[in-house]
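Student: I would like to go through this structure and ask what lies behind the terms used for it.
Tutor: Go ahead.

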Amino acid sequence: MRRLVVVGGALAGHRSAIHARRLDPDLDITVLAAEDELPYQRPPLSKGYLLGTVSAQRVRLRGAGEGYRLLTSTPATGLDLAQSRVLTHEAAYQFDLLIVATGARPHQLEGFSPDESVLYLRTVGDANRLKEALSRIHHLTIVGGGFIGAEVAVSARRLGVEVTIVEQSAHLLSRAVGTGVSRLIEENLQQLGIQLALDSSTTIESVDRQRLVRDGSREWLTDLVVVGVGVHPSTEWLGGALPLRADRGIAVNEFGLVDGYSQIAAAGDVASWHHPLYARPLRFEHFEVAANQALHTAEALVKNERVAYGDLPFGWSDQGELLVQILGVPSPDLAEEEESVVGGRMFLYRRDDRIEGAVLVNAPEELMTLRDRILSSLSSQ
Ligand SMILES: Cc1cc2nc3c(=O)[nH]c(=O)nc-3n(C[C@H](O)[C@H](O)[C@H](O)COP(=O)(O)OP(=O)(O)OC[C@H]3O[C@@H](n4cnc5c(N)ncnc54)[C@H](O)[C@@H]3O)c2cc1C
């Protein structure tokens with residue numbers, strides 16, 4: 001009987017395990033999961049879960065823990081390639097096939113160690129702590145103006161908390177999208193009464209049970225700091241056993257197989273995947289990308305039937321009145337140009353004549369047509 005070991009028990013890990021089970025009912029499948037939770041989805045953690053409109057039950061992924069052996073609280077600590085084993089503190093797991101789906105973890109900002117008044121948001125445990133804090137605090141400071149920071153700000157504001165977002169760039173989301181989209185997001189947050197401290201270099205010090213934030217000539221007291229300054233792939237446990245790319249993701253070909261290995265694949269936030277449409281490696285932090293890559297890795301390993309992952313990457317951010325949908329790679333380095341659409345806003349990002357990415361703001365009905373347009377633009381040259 002062939003043994004598949006999956007490292008990482010969240011979205012990509014769970015999806016690859018259940019798909020592998022569908023493909024081969026006889027496969028012996030073990031999922032090693034660092035967290036003490038059944039597999040769950042993260043997007044509600046900054047939105048409905050904080051607001052109490054999405055329950056813990058609904059956050060869980062369908063079929064979580066069914067059809068495979070799930071070992072929770074069992075982080076992998078090493079990979080022994082010579083003997084095809086994944087190591088944990090207590091045991092070694094022999095594999096014929098291996099899928100790495102260890103995702104990403106938040107960058108920790110110097111001087112902002114997590115404690116009772118400094119939080120990072122990645123896990124359901126983090127969300128529980130944040131949710132509890134939001135029910136009793138008056139003021140929240142968010143360090144980092146990315147998607148998660150903006151979503152937490154909106155949720156906190158809806159719960160009646162005063163919020164300031166501190167961002168060192170001149171615009172929010174400046175690494176993810178162009179200034180046209182940033183401005184819309186900034187306007188929406190300001191209309192909700194959220195303070196923005198842009199172009200800011202902030203220091204924070206403890207004052208009794210609160211924190212004093214200093215930003216140039218301004219200073220304010222805050223009850224809680226949430227740090228959201230990006231994530232990095234969780235690859236430390238590999239100790240260099242698998243090849244990594246410049247984006248720090250595991251180097252994976254267009255089928256999901258790790259470069260140089262036919263029995264090891266990687267999917268989701270941890271994978272730097274060679275994308276055939278863009279003819280370059282790309283690493284995404286989008287739910288749909290992780291979910292779909294997981295299926296490809298299972299197919300490539302278990303069925304040995306390789307289908308290149310050529311989907312147009314898709315992600316979204318729900319910020320109250322604003323639904324932001326991201327297609328392809330709307331890199332801020334590219335020219336951003338707005339096209340008029342009924343009801344919402346649409347921004348295209350071109351490299352020469354190719355549309356490499358786009359962002360829709362409150363225009364979900366444009367999604368399918370735009371997806372086809374970008375796909376045909378990318379494949380026509
Ligand atoms: C708060 C929040 C909101 C989000 N909202 C959106 C959204 O609105 N739209 C969108 O498109 N995307 C969103 N995302 C991103 C999306 O959730 C991720 O892209 C997705 O979770 C990636 O799935 P993954 O399985 O690759 O990685 P992860 O979800 O990071 O899961 C990896 C798992 O592997 C485990 N692990 C790590 N190291 C080890 C080890 N050594 N041994 C065993 N297990 C290990 C981790 O504990 C984790 O459980 C959001 C993310 C967060 C945190």
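Predicted model: local features only at pLDDT ≥ 70, side-chain atom pairs only at ≥ 80, totals over all residues.

Student: How much of the chain is buried?
Tutor: Buried residues are 53% of the 381 residues. The accessible surface comes to about 16,700 Å², and carbon and sulfur atoms hold 47% of that. As for contacts with a separation of 6 or more, 60% are between residues 24 or more positions apart.

Student: Why is His139 called buried?
Tutor: The cut-off for buried is under 20% relative accessible area. His139 has 10%, so His139 is buried. This residue is found in strand β10, which covers residues 139–143.

Student: Which residues does His139 touch, leaving out those up to four places away in sequence?
Tutor: His139 touches Val161, Glu162, Val163 and Thr164, and also Trp220, Leu221, Thr222, Asp223 and Leu224. Asp96, by comparison, is 43 residues from His139 in sequence and 52 Å from it in space, C-alpha to C-alpha.

Student: Why is Lys131 called partly exposed?
Tutor: Partly exposed lies between the other two classes, buried being under 20% and exposed over 50%. Lys131 has a relative accessible area of 30%, so Lys131 is partly exposed. Its place is in helix α4, residues 124–134.

Student: What does Lys131 touch beyond residues up to four places away in sequence?
Tutor: Lys131 touches Tyr49, Leu50 and Gly52. Thr203 is 72 residues from Lys131 in sequence, and the two are 25 Å apart in space, C-alpha to C-alpha.

Student: How do you know which classes of residue line the second largest pocket?
Tutor: Start from the lining, which consists of Glu116, Ser117, Arg136, Ile137, His138, Ser206, Asp208, Arg209, Gln210, Arg211, Asp223 and Leu224. Asp, Glu, Lys and Arg count as charged. Sorted by class, the lining has six charged, four polar and two nonpolar residues. About 260 Å³ of space lies in this pocket.

Student: Which residues of that lining came up earlier?
Tutor: Asp223 and Leu224 are in the lining of the second largest pocket, and both are touched by His139.

Definitions and conventions:
Residues numbered from 1 in each chain as written. Heavy atoms only, no water. Helix = DSSP H or I, 4+ residues; strand = E, 2+ residues; numbered from the N terminus. Buried < 20%, exposed > 50% of the residue type's maximum accessible area, 1.4 Å probe, protein only. Contact = heavy atoms within 4.5 Å. 1 Å grid on protein atoms, 1.4 Å probe; cavity = no way out; pocket = protein on both sides within 12 Å on 5 of 7 lines; lining within 4 Å. Points joined across faces, edges and corners; volume = space filled by probe spheres on them. Areas by Shrake-Rupley, 256 points an atom, 1.4 Å probe, with all protein chains shown as cover.
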